[in-house]
Amino acid sequence: MDEVSTHPPGWHAPGHYDHRGCPLATRDRFGRRLIQLYAGLTLYGTSSALLVRSGLGLEPWGVLHQGLARLTGLTIGVVSIIVGAAVLLLWIPLRQRPGLGTVSNVFLVGIAMDATLALSPEVHSLGVRLPLLLAGIVLNGVATGLYISARFGPGPRDGLMTGLHRRTGRSIRSMRTAIEVAVVATGFVLGGTVGIGTLLYALSIGPLAQLFLRVFDVPPASGGSTVVAGGQPRRAILRR
């Protein structure tokens, strides 16, 4: 015989739900995702600053940001914010939907980059610059794994790539290559630093980010979140 519940409708076992009836596991998962998002974006800005301090070459968008910073006299972090906001506007005709992570990416990465540069001295010895380069690349991989695994939407530059992929029908690989070649070339002409670090970053960031995506992966909850942008495949960001 089936057991008949004597509890009123909507009752849940104590200890597994909060006062609003939301499962504690879901709430804890959401909190972890928020921490990962903001830790990842902060570390991303810090890693970009380490690449600047190394003077051995920047990541593709960093080359553009540095070139524009030298042209305008603005800090590289402020330029990163302006470029991120401009790229986000391009999402409108591409019908991309931003999430909390997308908007946070625009501002937090640039702020963290400028803060790190303000707190760190310039270095000239190759014995210091090379470790800074390697640390910046590895930390960038860690940061990428953190904020992508949080599932709060892609960064504005990644969303531009996936949006163009959907609208043009061209492969993710070809769209990413075209965009990054264009920004590196433009940044180099404007005075951005291209060097061995740029090449090393291009070769290593995919495997590093894939590794840390597995390390920091948060299993998705059964329900959706109102602040999560829909459906951006993680592999799309990492393909070269």
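Arg-151 is partly exposed, with 26% relative accessible area; the term covers values between buried, under 20%, and exposed, over 50% (1.4 Å probe, protein chains only). The model is predicted, so local features need pLDDT of at least 70 and side-chain atom pairs count only at pLDDT 80 or more, while totals for chains, interfaces and linings use all residues. Residues are numbered from 1 along each chain as its sequence is written, and side-chain values use heavy atoms, with hydrogens and water left out.

Arg-151 is located in the loop between helix 6 and helix 7; helices (H or I, at least four residues) are DSSP runs numbered from the N terminus. The phi of Arg-151 is positive, near 60°, although the residue is not glycine. Most residues other than glycine have a negative phi. A positive phi of about 60° is also found at Arg-95, in the loop between helix 4 (91-94) and helix 5 (100-119). Arg-95 is exposed, at 74% relative accessibility.

Two salt bridges are found in the whole structure, a salt bridge being a side-chain nitrogen of Lys or Arg within 4 Å of a carboxyl oxygen of Asp or Glu. One joins Arg-151 to Asp-217, at 3.1 Å from N to O. Asp-217 lies in the loop between helix 9 (196-216) and helix 10 (234-238), so this pair ties together parts that are 66 residues apart in sequence. Asp-217 is partly exposed, at 28%.

Arg-176 and Glu-180 form a salt bridge with their closest N and O atoms 2.9 Å apart. Both residues, Arg-176 and Glu-180, are buried. They are four residues apart in helix 8 (residues 172-189), a separation of about one helical turn.

Methods:
Helices (H or I, at least four residues) and strands (E, at least two) are DSSP runs, numbered from the N terminus.
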